[in-house]
Amino acid sequence: MTVRFGTAAGSVRADVDVSLSSAIGSEPGARIPVSYNPADPTEVVHVDYLDGRDADGVRQGSIVIGLLAAGLLAGAAREAVRAQRQTAAASGSAGKGPGSLHAGD
């Protein structure tokens, strides 16, 4: 459906998808509730489509990214601990090879 409305920048004419119930009985001059992007007034959405479903994708993506970040952080922490243990073990056994002298030998 093509809608026409006024903004601070002037008149806008844009195409908008509407639900079947809104389209039935709509005649030229009928008022249709829409929401538009002020940065791009031709980006228009019928208010029936503003039910929060857009936010679900953002929320789900954030959860997946958060879980991946937590997994990477846990893996990095485990590797840091492993490297620290190897370094400590290597420095603790330095000089204890065969043929080395120790106090009390």
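Me: How much of the protein is buried?

Reply: Buried residues account for 10% of the 105 residues in this predicted model. The protein exposes about 8300 Å², and carbon and sulfur atoms supply 58% of that area.

Me: Thanks. What is the average pLDDT?

Reply: The average is 75, and 69% of the residues score at least 70.

Me: Where is confidence lowest, and where is it highest?

Reply: Helix α1, residues 20-23, has the lowest confidence, with a mean of 54. Helix α2, residues 53-92, has the highest, at 85. Where pLDDT is low, the predicted coordinates should not be read in detail.

Me: Let's take the strands, then. How do β1 and β2 run, and how many bridges join them?

Reply: β1 and β2 (residues 10-15) run antiparallel and are joined by six bridges. A hairpin of two residues connects β1 to β2. For a pair to click on, V3 stands opposite A14 in β2.

Me: Which side chains of β1 are buried?

Reply: In strand β1, residues 2-7, V3, F5 and T7 point to one face and are buried.

Me: What is V16 in contact with, beyond its neighbours within four places in sequence?

Reply: With those neighbours set aside, V16 is in contact with M1, V3, V44, V45 and H46. Across the protein, take the contacts between residues at least 6 apart in sequence: 39% of them join residues at least 24 apart.

Me: V44 came up there. Which residue stands opposite V44?

Reply: Y36 does, with V44 sitting in β4. S35 also has a bridge partner in β4, and that partner is V45.

Me: So how do β3 and β4 pair?

Reply: Strand β3 (residues 34-37) and strand β4 (residues 40-46) pair in the antiparallel sense over four bridges. A hairpin joins β3 to β4 through two residues.

Me: Changing topic to charges: how many salt bridges does the count come to?

Reply: The count comes to one salt bridge. The side chains of R82 and E79 meet in it, at 2.7 Å from N to O.

Me: Where do R82 and E79 sit relative to each other in helix α2?

Reply: R82 and E79 are separated by about one helical turn, because they are three residues apart in helix α2. In general, side chains of opposite charge can pair when their charged atoms come close.

Me: Last one: what are the relative accessibilities of R82 and E79?

Reply: R82 has a relative accessible area of 40% and is partly exposed. E79 is at 37% relative accessibility and counts as partly exposed.

Notes
Residues are numbered from 1 along each chain as its sequence is written. This is a predicted model: local features need pLDDT of at least 70, side-chain atom pairs count only at pLDDT 80 or more; totals for chains, interfaces and linings use all residues. Side-chain values use heavy atoms; hydrogens and water are left out. pLDDT is the predictor's confidence in each residue, from 0 to 100. Two strands pair if DSSP finds at least two bridges between them. Buried means under 20% relative accessible area, exposed over 50%, partly exposed in between (1.4 Å probe, protein chains only). A salt bridge is a side-chain nitrogen of Lys or Arg within 4 Å of a carboxyl oxygen of Asp or Glu. Contact means heavy atoms within 4.5 Å. Accessible areas come from the Shrake-Rupley method with a 1.4 Å probe; for residues, only the protein chains shown count as cover.
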